[in-house]
Amino acid sequence: MIPRSLTIYVEILLLALDDDKGTADSAGFYTKALGGAILAELAMTGAVTIEDDKKKRVHAVRGARLDDPILAECYAMVTEAKKPKKAQEWVMKFSGLKDLKNRAARGLVDKGVLTEETGTVLRIFKRTIVPEVDGGPEQELRERMKKAIFTATTNLDARTVVVIALAQAAGMLDKVFPKKKLKERKKRLEQLTSGQLAGKATKEAVQAVQTAIMVAAIMPAVFVATN
């Protein structure tokens, strides 16, 4: 396996963050995309497997070694689970990790991509923001995404496909590229986001996050309707 400087969930975070403000849209579903990215990374590195059926339960592969602390923590959660859980359940659990956004951002701060600043909101509430200081990694990511979406290349990096599919599921993609141009590539996007152009592990993880985001979108409406 070729080592990468950034994990998939960190790349998702880069897309979610406002470069200047150093904040992410709290109303969006980017945290679910982070959870899906974690599951995808675990599957693609062989740390977990996802059943090829409707239930899509996740199983830990014993003995996997992960250097990334967040991936290692999530792998331990799967390993220590009393019984296998469905992929979308793990997406929800991973996305709900305490302080996930800031923990993921600190890795980028350490790499000099972001800088960490602490301030207050209304002079009362403390808030940490992480403006971008090195746009290189995000620009490189966007170029990979652009090539995958706007050309007919078949030489696709699986991780880039995952980022595109998760960003699409979380409603983030039209913040990266103009809506009009994305509409012109509708068929290509369908191929990318459905997993037709990716491996099994990639396809399963993408489907899991799409389900998790759909559930997250439905639940508030259900709560309102029953109260």
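Leaving aside neighbours within four places in sequence, Ile-38 is in contact with Tyr-9, Ile-70, Leu-71, Cys-74, Phe-94 and Leu-100, where contact means heavy atoms within 4.5 Å. The model is predicted, so local features need pLDDT of at least 70 and side-chain atom pairs count only at pLDDT 80 or more, while totals for chains, interfaces and linings use all residues. Residues are numbered from 1 along each chain as its sequence is written, and side-chain values use heavy atoms, with hydrogens and water left out.

The word buried stands for under 20% relative accessible area, exposed for over 50%, and partly exposed for the range in between, with a 1.4 Å probe and protein chains only.

One of the contacts of Ile-38 is Ile-70, a residue of helix α3, which covers residues 69–80. Ile-70 counts as buried because its relative accessibility is 3%. Apart from residues up to four places away in sequence, Ile-70 touches Tyr-9, Ile-38, Leu-97, Leu-100, Arg-103 and Ala-104. Ile-70 and Phe-94 are 24 residues apart in sequence, and their C-alpha atoms are 9.2 Å apart in space.

The view may now widen to the whole chain. There are 10 helices and five strands; helices (H or I, at least four residues) and strands (E, at least two) are DSSP runs, numbered from the N terminus. Of the 227 residues, 41% count as buried. Among contacts with a separation of 6 or more, 63% come from residues 24 or more positions apart. The chain exposes about 12,600 Å², and carbon and sulfur atoms supply 52% of that area, as computed by the Shrake-Rupley method with a 1.4 Å probe, where for residues only the protein chains shown count as cover.

Thr-7 is found in the segment before α1 (8–16), and it counts as buried because its relative accessibility is 14%. Leu-15 belongs to helix α1 and counts as buried because its relative accessibility is 9%. With residues up to four places away in sequence not counted, Leu-15 touches Glu-138, Leu-141, Arg-142, Met-145, Val-163, Met-172 and Val-176. Val-163 lies 148 residues from Leu-15 along the chain, yet their C-alpha atoms are separated by 9.4 Å.

On a 1 Å grid over the protein atoms alone, a pocket is an open set of points with protein on both sides within 12 Å along at least five of seven lines, whereas a cavity is a set where a 1.4 Å probe fits but cannot get out; lining residues have an atom within 4 Å of a point. The volume of the second largest pocket is about 190 Å³, which is the space filled by probe spheres set on grid points joined across faces, edges and corners. By class, the lining has eight nonpolar, three polar and three charged residues. Here Ala, Val, Leu, Ile, Met, Phe, Trp, Tyr, Cys and Pro count as nonpolar, Asp, Glu, Lys and Arg as charged, and the others, Gly among them, as polar.

Lys-85 lies in strand β3, residues 85–86, and counts as partly exposed because its relative accessibility is 23%. The C-alpha atoms of Lys-85 and Arg-57 are separated by 5.2 Å, although the two are 28 residues apart along the chain. Asp-99 occupies the loop between α4 (87–95) and α5 (100–110). Its phi is near 60°, a positive value in a residue other than glycine, and Asp-99 is partly exposed because its relative accessible area is 34%. Asp-157 is found in the loop between α6 (136–150) and α7 (158–169), and is partly exposed because its relative accessible area is 31%.
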